[in-house]
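Here's a quick walk through one chain and how its parts pack. Have the viewer open as you read.

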Amino acid sequence: MLCDTIHTWFLRTNVLREDIMKNTQLKLKLQLLLVMAIFGIMGPIVRAIGLPSPVIACLRGWIAGIALVLFLVISGHEFDRRQVKKAFIPMALCGFYMAVDWIGLFEAYNYTTIATATVCYYMTPIFVFLASPIILKEKFTAKHVICSLIAFVGMVFVSGVMDAGGVSGDLSSNIKGILFALLGAVGYSAIILTNKKHPKGDPIVRTAIQLLVAGILTTPYVFLRYDVSELSFTPKGIALLLLLSVAFTAAVYIRYFSIIVKIPARAVAILSYMDPVVAVFVSVAVMGEKITVWGILGTVMIIGAALASELQPSSK
């Protein structure tokens, strides 16, 4: 009788523990959705700054990284120096991948349409999904595969490729644009996978290292592409740049990198599609751009695939 009671208590304890873990995972995934939504609303801010996107990205990395370093110094934030030493090389590599990500996407815009570049760039979730079983030893089911494919097709619709009639213009230029966009996608994928592979360390320090390295590595690119002396900085542009760098980058990236190390890579992959979905709706609501039937259909497909794949609440 006593053995039966102990056995029953043990089973209920395990069920409760599993239920708590499921609820924790659900909360983290919802938080990641919020983070991706924040990334998606940055478009109007970036446009209002009045500088080329590569310049904004470079300054964003510098300002956000320096802001985090100043915070660590001024606040006397305590962290394990041994963990920082162990995490430094992987996080510096992530900074390199971030620079590859940004430069690849910006160059893609120079050679092909925004729609085509966006579709190729958002191969990232597919790359992460395919690489995670090999690099991270994560398992996935047929349902996850189907949902990822549906989300990607939805991304194609949202991008505007269907309305633009596909790839147009010079073939050689389009190929270059596609390759650059895929290079950006590889960089983005490497950021996610490396952070998942090396999850230890203070998230603020990890984020600061990645952003500073990205800022440093994109600086030569900016100087090669632009005559810096001709760039104009307005008070409004500087204020928005600080807002973008400190609030929308430094603070949000800390949470982003904290979340992605705690949930499966496949979840990070499919929930990343919410970024362009939100960006489309912001462009419609704020910038007065039009959304087509294809865009609406793609949005429904992405949201439906994400809900079906990752956001089911536990049975309890």
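## Around methionine 98

Let's start with one side chain. Leaving aside residues up to four places away in sequence, Met98 touches Ile191, Gln210, Leu211, Ala214, Tyr253 and Phe257 (contact means heavy atoms within 4.5 Å). This is a predicted model: local features need pLDDT of at least 70, side-chain atom pairs count only at pLDDT 80 or more, and totals for chains, interfaces and linings use all residues. Numbering runs from 1 along each chain as its sequence is written, and side-chain values use heavy atoms, with hydrogens and water left out.

## The core

Met98 is also among the residues with the most contacts inside the largest nonpolar core, which has 79 residues. A nonpolar core here is a set of buried Ala, Val, Leu, Ile, Met, Phe, Trp, Tyr and Cys residues joined through side-chain atoms within 4.5 Å. Buried means under 20% relative accessible area, exposed over 50%, and partly exposed in between (1.4 Å probe, protein chains only). Helices are DSSP runs (H or I, at least four residues), numbered from the N terminus.

The buried residues of H14 (residues 293-310) include Gly295, Met301, Ile302 and Ala305. Seen down the axis of H14, the buried residues fall within an arc of 165°, so they line one face; the arc is that of the directions from the helix axis to the C-beta atoms. Exposed Val293 and Val300 sit on the face turned away from that buried side.

In the loop between H13 (274-285) and H14 you'll find Val286, exposed at a relative accessible area of 56%. Its C-alpha is 7.5 Å from that of Pro44, though the two are 242 residues apart along the chain.

Conventions
Helices (H or I, at least four residues) and strands (E, at least two) are DSSP runs, numbered from the N terminus. The expected span of a helix is 1.5 Å times one less than its number of residues.
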